[in-house]
Each structure stands twice: as C-alpha cells, then as structure tokens.
Amino acid sequence: MSSFYFVILGTKDNPLYEAEFGTFKQGGDGVSRFREEQRHMNQFIAHASLDIVEEIQWNNQSMYLKVVDKFYGVLVSCFLTAGNIKFLLLHEVKSEDAIRNFFTDVYDLYTKTLMNPFYSVNQTITSPIFDQRVKQVAKKYL
Amino acid sequence: MSFDAPLPPYSTTPSAAHLSSTLYDLLLIELPPLCTSLSPDPSDLEAVYHRLSSIGHRVGLGLSEKFSRDRPRMVDTLEVIKFVCKELWGICWGKMVDGLKTNHRGTYVVTDNRFKVFERMSTERGVGVVDQAQYLWFPCGIIRGALANLGIEATVHAETTEMPIAVFKIETVQAKPPPL
C-alpha cells in the first residue's frame, strides 16, 4: 500500500496546506498507511528537500521539477509556481505522469484560491472545499 | 458597443468568459472617482493613491500567478519586466508596450504611446494634470503587485506628458532577484 504526503509551502517556507492520503488504485481505500514513526518524519523530509529545490530551480525551466530528493525509500517530487510557491509530494512509488497531472490540477485549485479577494499570498488555506477538491484530485490520479 | 475577441490561449480555458470591452473601460474610468468618494477626506490625495495602489497590487498578484503558468522560469529581473510588458499588458489592455529602456542598474522606463485607459478620454486645455494622474495609479499598482509576486520589490511611478502617452518608471530595490 503506498501512501502520499502532500504539502504546499509559501514563499517563506511556511506550510500553507498539508494532506496525507493512500493510493486509491488497486483496491486501496485511500487511507494513508505510513508507519507511526515515519509519519512525523514527513515534515522533516519535506523541509530538508527544500534546499535542493532552491538549487535546481534556477537550472530547470519548467514548473514540474519531478523527483528532487530521495530519503530511505521515500521520494520527494516538487512543483514550483512562478510566485515561488512550492508543492511537495512525498511518495514511495515513482509515477511521473500521474504526479504531474495531480500537481497541475492542484495548481488550478490553488490559482482559484488566490483569486479570492479575502485570501492573501502566504496565508494558510483553511477552506474545507479546497481540502475536499484536493482529495478528489488525488483519487483521480493517485 | 465594441467587442474584442479574447486572444488565445485565454479563450480556451474553461473559465474564460467573453466580456464587453466597453464595460471594462467604463469600470476602469469609474474606479478613481469611486475611491475618491470612498475616502473620508476627498481632498486627501495620499489616501486615494494608497487605496487605488493597494487594489492594483492585489489584482497584479493574482494576474501574475494565473497567467504565468507553463512558462519557462524567469531567472532574472529583466525577464520578469519583459513578462510584465508583453503578457500582462496584453491581458489588461490588449496591446504590448511601445518602449522599454533600462539603465542596467535597476531602473526601467516603460512607454506606452497609446495607453488604453487614455485612448477615449479628452481633456480641457490646461486643466487637471492631477486628475489624469489618478487614472494611472491603479495600473501602477497592478505592475507593482505583479512584480512583487514574481519576487521583485519595486516602486512604480507614472506620468503622462501628453494624452494618450503614459510613461511608467520602475525602480527595483535590488538589481538581482532576492535570495529565496
């Protein structure tokens, strides 16, 4: 059973949104199955990969940076917007296309959130609708 | 009633909607007088400037995020300014700027010879340069917001020497994008 940990980080490396889910493919029920001791490591792993993201972003022209880091069997993929907002996904299986589609759809959701006049950049995203939509996207692609 | 067809690729997104450009022009024209009447002291131009600039800033933030998707990353200030001058100008006012000059030390001068906001305005001879300036504050805010979202802190001043020409002077605080 593979699980995913998704986090959106703002321009000051502050977390704006995080979510955990398990795969919906092959009969997975969508509940994440990270081992207990690994769950709290997810945040550290994501944070540690930020250095690498910042290094390679200047060499790479596209928004989707694919797998940027690897930590004991956990892969970190990144998607970087022009406003320097980072979407990080921790996963165990490598599936570039599915993850790219997932990131693109979440980026659409994020842009819509930005269009909300009551939401400013670097603010945490607390809308339950956003949460629900992200989970739907995850269900569709992951 | 004028109607400009939306340029591709903006017309192909699912959320694109056709909008009468006359209504858009009227909205922009009404914005400064509205802000003047909203502020408690209508003769306090600083407050009106601040309000218009903040509104423009918010709009610029959103526009730059939305329309920078799938573009190759802009690695230096000049590329960001070019994005603002070509794509953002095209989105807001349907055309690109007519001139861009830089002193290579952080100052950029953007010239638009037929600025859309001024195209259909007429002025009495010798009256109200101040009034015209008000219509430039909102576009200044848009530029400032777009630059801020793309990582560049800048101040933007605008002036108009004769009608429909508008000149924007962008002064960036640092010559390179700030460290992340």
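The largest nonpolar core of this predicted model has 41 residues. A nonpolar core is here a set of buried Ala, Val, Leu, Ile, Met, Phe, Trp, Tyr and Cys residues joined through side-chain atoms within 4.5 Å; buried means under 20% relative accessible area (1.4 Å probe, protein chains only). W89(B), F115(B), F118(B), L147(B), F168(B) and I170(B) have the most contacts inside the core. At least two of its residues come from each of α1 (21–38), α2 (45–67), α3, β2, α4 (116–119), α5 (129–149), β3 and β4 of chain B. Helices (H or I, at least four residues) and strands (E, at least two) are DSSP runs, numbered from the N terminus. A second, separate core of 29 residues includes F21(A), F87(A), F102(A) and F130(A).

F168(B) touches residues including W89(B), F115(B), L136(B), I143(B) and V156(B), with residues up to four places away in sequence not counted. Contact means heavy atoms within 4.5 Å.

Chain B holds an open, antiparallel sheet of four strands in the order β1-β2-β4-β3. Strands pair if DSSP finds at least two bridges between them. β1 (99–102) and β3 (154–159) of chain B are edge strands with a single partner each, so one side of each lacks a neighbour in the sheet. Four bridges join β1(B) to the antiparallel β2 (residues 107–112) of chain B. L100(B) has V110(B) as its bridge partner in β2(B).

Helix α3 (residues 77–93) of chain B lies across β1, β2 and β4 (166–172) of chain B, at about 15 degrees to β2(B). Axes are lines fitted to C-alpha atoms, for helices over the stretch in contact; angles run from 0 to 180 degrees between N-to-C directions.

Residues are numbered from 1 along each chain as its sequence is written, and chains are lettered from A and ligands numbered from 1 in the order in which they are written. Local features need pLDDT of at least 70, side-chain atom pairs count only at pLDDT 80 or more, and totals for chains, interfaces and linings use all residues, while side-chain values use heavy atoms, with hydrogens and water left out.

Note on methods:
Buried means under 20% relative accessible area, exposed over 50%, partly exposed in between (1.4 Å probe, protein chains only).
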